[in-house]
Amino acid sequence: MLERLNRAMEHIEERLDTALDPAELARIAATSEHHLRRMFSALAGMPLSEYVRRRRLTVAGAEVLAGRATLLEIAVRYGYGSGEAFARAFRAMHGVGPGEARRTGAALASQSRMAFRLTVEGRSSMRYRVVEKADFRVVGLTTRVPLVHTGPNLAIMDFVRGIDPDVLAELKGLSDQEPHGIVAVCDGLDPGRAEGTELDYHHGVITSAPAPEGLTGLAVPAGAWAVFTTSGPAPRAVQELWRDVFTEWFPSNPYRTRTGPEILRVRLSSDGAGGTVVADAELWLPVEPDRQPLRTSQS
């Protein structure tokens with residue numbers, strides 16, 4: 001997987017001044033567009049589209065300082081339809097407009113080229129299982145929340161605090177399959193998983209029953225699910241599990257993500273040491289076999 005990702009990175013570098021085809025990038029990486037975006041975001045810490053934008057503006061910045069082409073020529077070369085659009089993007093990254101940068105020789109920001117390498121970090125092996133599930137429903141209450149990578153998601157916390165305990169009791173009675181009990185379900189995530197982008201958050205249960213009046217129902221088709229477990233301080237343990245799944249497990253196993261919600265079952269307790277809250281969590285991710293060969297005859 002890392003070798004294929006690096007081929008895609010080279011493809012980006014060769015075409016910074018032309019339109020990039022996401023489908024072609026996914027073909028080079030031998031995976032789906034959906035999985036490529038999610039994998040890149042997990043490994044790189046930024047959406048793929050943001051990386052491409054920053055690389056283009058880095059190279060464009062060097063050309064601005066070189067002074068051999070007009071600012072409009074540079075803007076068009078790197079995909080901007082007008083000098084004004086280029087100037088806004090340039091200033092957002094470099095902190096100075098292209099005209100001023102050329103006049104004064106101002107210091108500019110630089111997005112380094114990325115390449116992915118395997119490192120050994122001494123982490124323990126990751127335990128998982130793959131479960132085939134028939135179609136089911138997520139029944140519960142739903143809201144829109146921002147994506148938060150690190151620390152508590154205050155929007156989710158406020159939403160859950162406002163749920164009537166009688167409604168939660170009713171929901172628990174509808175749970176009739178794994179993962180049992182109340183679960184947190186995230187759906188409609190931005191493919192690049194950028195911090196702050198909105199998603200649909202469902203607080204409810206996994207069931208075959210229809211949604212009662214006043215509750216929402218999310219239909220989920222049949223498919224395979226990779227199930228991971230962790231235990232540790234909340235919410236860090238859960239966020240680190242998600243990170244490790246995408247940076248360690250997917251590159252090492254013949255699976256890729258498929259479209260579908262992410263399901264999290266969490267049980268909270270106190271370890272008695274300074275009131276630390278511990279999460280025992282189970283993360284369910286929709287997956288499918290990655291049948292692409294590890295190596296291809298084309299570069």
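This is a predicted model: local features need pLDDT of at least 70, side-chain atom pairs count only at pLDDT 80 or more; totals for chains, interfaces and linings use all residues.
**Notebook: salt bridges and a histidine**

I started with Arg-236, which forms a salt bridge with Glu-240, the closest N and O atoms sitting 3.5 Å apart. I checked accessibility next: Arg-236 is partly exposed at 47%, and Glu-240 is partly exposed at 31%.

Then I looked up Arg-129. Arg-129 pairs with Glu-282 in a salt bridge, again with 3.5 Å between the closest N and O atoms. Arg-129 is in strand β1 (residues 128-133) and Glu-282 in strand β9 (residues 277-289), so this bridge ties together parts that are 153 residues apart in sequence. Arg-129 comes out partly exposed at 33% relative accessibility, while Glu-282 is buried at 11%.

Next up was Glu-288, which bridges to Arg-256 with closest N and O atoms 3.0 Å apart. That pair links distant parts of the chain, Glu-288 in strand β9 and Arg-256 in strand β7 (residues 255-257), 32 residues apart. I noted Glu-288 as partly exposed at 27% and Arg-256 as buried at 17%.

For the overall tally, I got 18 salt bridges in the structure. I also jotted down a salt-bridge network linking Glu-10, Glu-13, Arg-55 and Arg-113.

Last, I went to His-202 in strand β4 (residues 198-207). Is His-202 buried or exposed? His-202 counts as buried, because its relative accessibility is 8% and the cut-off for buried is under 20%. Its side chain makes a polar contact of 2.9 Å with that of Thr-142. Leaving aside residues up to four places away in sequence, His-202 touches several others, including Val-138, Leu-141, Asp-187 and Leu-218.

Definitions and conventions. Residues are numbered from 1 along each chain as its sequence is written. Side-chain values use heavy atoms; hydrogens and water are left out. Helices (H or I, at least four residues) and strands (E, at least two) are DSSP runs, numbered from the N terminus. Buried means under 20% relative accessible area, exposed over 50%, partly exposed in between (1.4 Å probe, protein chains only). A polar contact is a pair of N or O atoms within 3.5 Å; within protein, one must be able to donate a hydrogen and the other to accept it, and residues adjacent in sequence count only if both atoms are side-chain atoms. Contact means heavy atoms within 4.5 Å. A salt bridge is a side-chain nitrogen of Lys or Arg within 4 Å of a carboxyl oxygen of Asp or Glu.
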